[in-house]
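Student: I'd like to learn how to read a protein model. Can you walk me through it?

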Amino acid sequence: MEAPRHILSRISSLFPLKPMISFSGQKLIFPVYHAASENPPAHLKYLYRIRSPKEFEKDLDEICRFFEPLSPEILRAPGKLRRQKKPGFILSFDDGLREIKEQVEPILTRKGISAIFFLNNAFIDNKALFFRYKASVLADIIMNQSSDSIPEAEIIHILGLGKFEKERVVREILTISYLHSSKLDAIAEICNFDISDYLHTKRPYLETGEIIELQNKGFHIGAHSYDHPVFTDLNEEQMKFEITASIEDLVLRFNPPMRLFAFPFTDGGISHRVIESAFGNKLDAIFGTAGIKKEKQSAHYQRIPVEKSASSLTNVLKTEYLYYLLKAPFGRNTLKR
């Protein structure tokens, strides 16, 4: 959680949520998760504060006290959105993880709540592993193995460190960028972490048949880039390719009723030229992760990441609304590109 939100989260519980929603005028929100799991797997363990199924269900109960769950299809009818009397929310999950099928979908179905599942094409059917998930598994290996079984000298050479200190090595591994992800493969090899075997045995991602089954149950899927790069590591043509290739492949394989795209990580720092190019793919909506914000372009929405802290969803929402209200007098709630 970034510094201003972290500070506000300490006091936001003192404020009632309902008046903040009313004063802000922001009556449509987009919470985003990755998974729900009683025991988060190694590839998620060091990246997010994953809710247990019980905690996730509690989140849903909390948000439904103040907001009405909406289907993404309402985004095609802006007039209908404006006529909504009760605030609404549209739920989404990123990366197309197996826990969606095993833990999340049964809870959503039982409660009659829709959601969008954003997929990375390269990972469907467990064909490859997201570079950040590799980092999390490696962090887990290093933290849990004895020092005499870890190739310390080789690891610090790859990372460019002077000496081996577990906590520092883990921090360095978790900050390796998309452009330098070959370092993760090198560390995996010397640590005897077989990525192909991990994909085969753990099967972290949804498979084609499961995605179709989710669609048949009324859930939506969307594109989340081809292999989850950090977009600001790419030039504009590479960004445009990631968007177009991701959308076109999903349309070809799954023919979704809506064309939806969520930027991986963030859409911060992405130019209006790339945004306009994205809409050239006949998209119904695109999404970022900047919290409660306004966009100048219609059908461009910002989502609220829930898994950055252990706070209750109500407190996460209170923090977002308080942050929004404090910035409103200064005109800082509309993103500039």
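This is a predicted model: local features need pLDDT of at least 70, side-chain atom pairs count only at pLDDT 80 or more; totals for chains, interfaces and linings use all residues.

Student: How many aromatic pairs does a search of the whole structure find?

Tutor: The search finds 20. One of them is F30 with Y301, a tilted pair with 5.0 Å centre to centre and 40 degrees between the planes. To place them, you need to know that helices (H or I, at least four residues) and strands (E, at least two) are DSSP runs, numbered from the N terminus. F30 is in the loop between β1 (28-29) and β2 (31-33), while Y301 is in strand β10 (residues 300-302), so this pair links distant parts of the chain, 271 residues apart.

Student: Are F30 and Y301 buried or exposed?

Tutor: The general idea is that buried means under 20% relative accessible area, exposed over 50%, and partly exposed in between (1.4 Å probe, protein chains only). Both F30 and Y301 are buried. Now look at Y133 and Y205, which are stacked, at 6.3 Å centre to centre with 25 degrees between the planes. They also link distant parts of the chain: Y133 sits in helix α7 (residues 131-144) and Y205 in the loop between α11 (195-202) and α12 (208-216), 72 residues apart.

Student: Why do Y133 and Y205 count as buried?

Tutor: Y133 counts as buried because its relative accessibility is 0%, and Y205 because its value is 1%.

Student: What lies over the face of Y323?

Tutor: As a rule, a charge sits over a ring if NZ of Lys or CZ of Arg is within 6 Å of the ring centre and within 35 degrees of the ring normal. In this model, K327 lies over the face of Y323, 4.0 Å from the ring centre.

Student: Next, helices. Which residues of helix α8 are buried?

Tutor: A bit of background: an α-helix has 3.6 residues a turn, so residues three or four places apart point the same way. In α8 (residues 152-159), the buried residues are I155, I156, I158 and L159. Seen down the axis of α8, these buried residues fall within an arc of 160 degrees, so they line one face of the helix. That arc is taken from the directions from the helix axis to the C-beta atoms. A153 and H157, on the other side of α8, are exposed.

Student: Which residues have a positive phi without being glycine?

Tutor: Two cases to look at are D95, with a phi of about 85 degrees, and A299, with a phi near 70 degrees. D95 is in the loop between β5 (92-94) and α6 (98-111), and D95 is buried because its relative accessible area is 2%. A299 lies in the loop between β9 (285-288) and β10; with a relative accessible area of 18%, A299 is buried too.

Notes
Residues are numbered from 1 along each chain as its sequence is written. Side-chain values use heavy atoms; hydrogens and water are left out. Rings of Phe, Tyr and Trp (its six-membered ring) pair if their centres lie within 6.5 Å; planes under 30 degrees apart count as stacked, over 60 as edge-to-face and the rest as tilted.
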